[in-house]
Structures are given as C-alpha cells and as structure tokens.
Amino acid sequence: MGKDGAMVNSVIETYRHPLIEVRLTPQNLVVELIVSPGAWYDQQNLAGKMMLPQSNDEFRALLKKLGTGFHFGFWDGLELGEMQIEVEYLLRGRVLNEWMDTFAAGYDWLRIGKWYTRDEAVLDTPNLINDVFAAIQHLHDIYEFLRWTSNNNYRSFFEKRRRS
C-alpha cells in the first residue's frame, strides 16, 4: 500500500486498497476481504479479468477453496447486507457470472468473508486459530487474483466493455 521508504512521509488512503479484516462484534467474529469503491483500479481489474473464461474459471476455483460459511456480495457496512449470497450457492451453474454482471466497478463494495456466529462450536475450540488463519490465506489468494499491478493488469478489458 505504498508504505515503502519513498512514501514514508505520505498520507496513505487505505480505502483505496483492498484489505483483509478480522473484526469482533457483539454478534460475530468476521474474517473478510473488502474492496471499497475507492479501490476502483482493483475493482476494474477484477471486472476486466472476469471477462476471460480462463480467469473466470480461476476465480471460481478460488471461491470453491473457501468452503462453507463464506458470503460474497456488494454491500457496505459491518453486518451482512441484502446484496450477498453464500459462496456455495454462488458456484452453482451460471450464478457467479450473473451475479458479477450486476457488479458496478468503482461504485459497489465487494466483500467476501466468513461470519462466525456466537453459538458456533468452532469458537470454543483450539481449532479457531487454524480456521481463521486458513480463511485469511484463502482470502489472500483472492486478493492476489483481483489486485491491480503492472503484472496483473486487466483494466483494458474493462475499459473496452465500458466503451461498447
């Protein structure tokens, strides 16, 4: 996020970057990848990348690795919103493609995460740390897939689609 030596005295606007957040609320423990509309380069990169069948398949495989209990959607806020779906349902048939067709890069929030409820048994076991760490690892793989870099630049596909 620009925290190298050359940027030491600069203000870093974290909302312009995808992030993986772990937060504890009175209702949930949440592990979530959040890509705000301010991270529009990354959002456009994902939208452009999803136009390619091979990348679409790769994204689907990354989502499948998440397992159960993850939610995917386009909403803002700390709680689950109405514009979300469980990943296991998202992977059925063409649901992912149709869902992504509604995504407005630069306007919508993109969120993928796991919401542990207070009554889940895993919260009371030593396996919780392993489960949370595994969730972070899988979300990091998705972060690597969607983030814009000079070596991962699919924004031109997004631009072509937007112009047509």
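Me: Where does the charged end of R155 sit?

Reply: In general, a charge sits over a ring if NZ of Lys or CZ of Arg is within 6 Å of the ring centre and within 35 degrees of the ring normal. Here the charged end of R155 is placed over the ring of Y41, 3.8 Å from its centre, and K49 lies over the face of F145, at 4.0 Å from the ring centre. This is a predicted model, where local features need pLDDT of at least 70, side-chain atom pairs count only at pLDDT 80 or more, and totals for chains, interfaces and linings use all residues. Residues are numbered from 1 along each chain as its sequence is written, and side-chain values use heavy atoms, with hydrogens and water left out.

Me: How many aromatic pairs does a search of the whole structure find?

Reply: Rings of Phe, Tyr and Trp (its six-membered ring) pair if their centres lie within 6.5 Å, and planes under 30 degrees apart count as stacked, over 60 as edge-to-face and the rest as tilted. Searching the whole structure gives nine aromatic pairs. The ring centres of F74 and W99 are 6.1 Å apart with planes at 40 degrees, so this pair is tilted.

Me: Why does F74 count as buried?

Reply: Buried means under 20% relative accessible area, exposed over 50%, and partly exposed in between (1.4 Å probe, protein chains only). F74 is buried because its relative accessible area is 7%, and W99 counts as buried at 18% relative accessibility. F74 also forms a tilted aromatic pair with F103, 4.9 Å centre to centre and with 35 degrees between the planes.

Me: Which residues form one aromatic cluster?

Reply: The cluster consists of F59, F72, F74, W99, F103 and F145.
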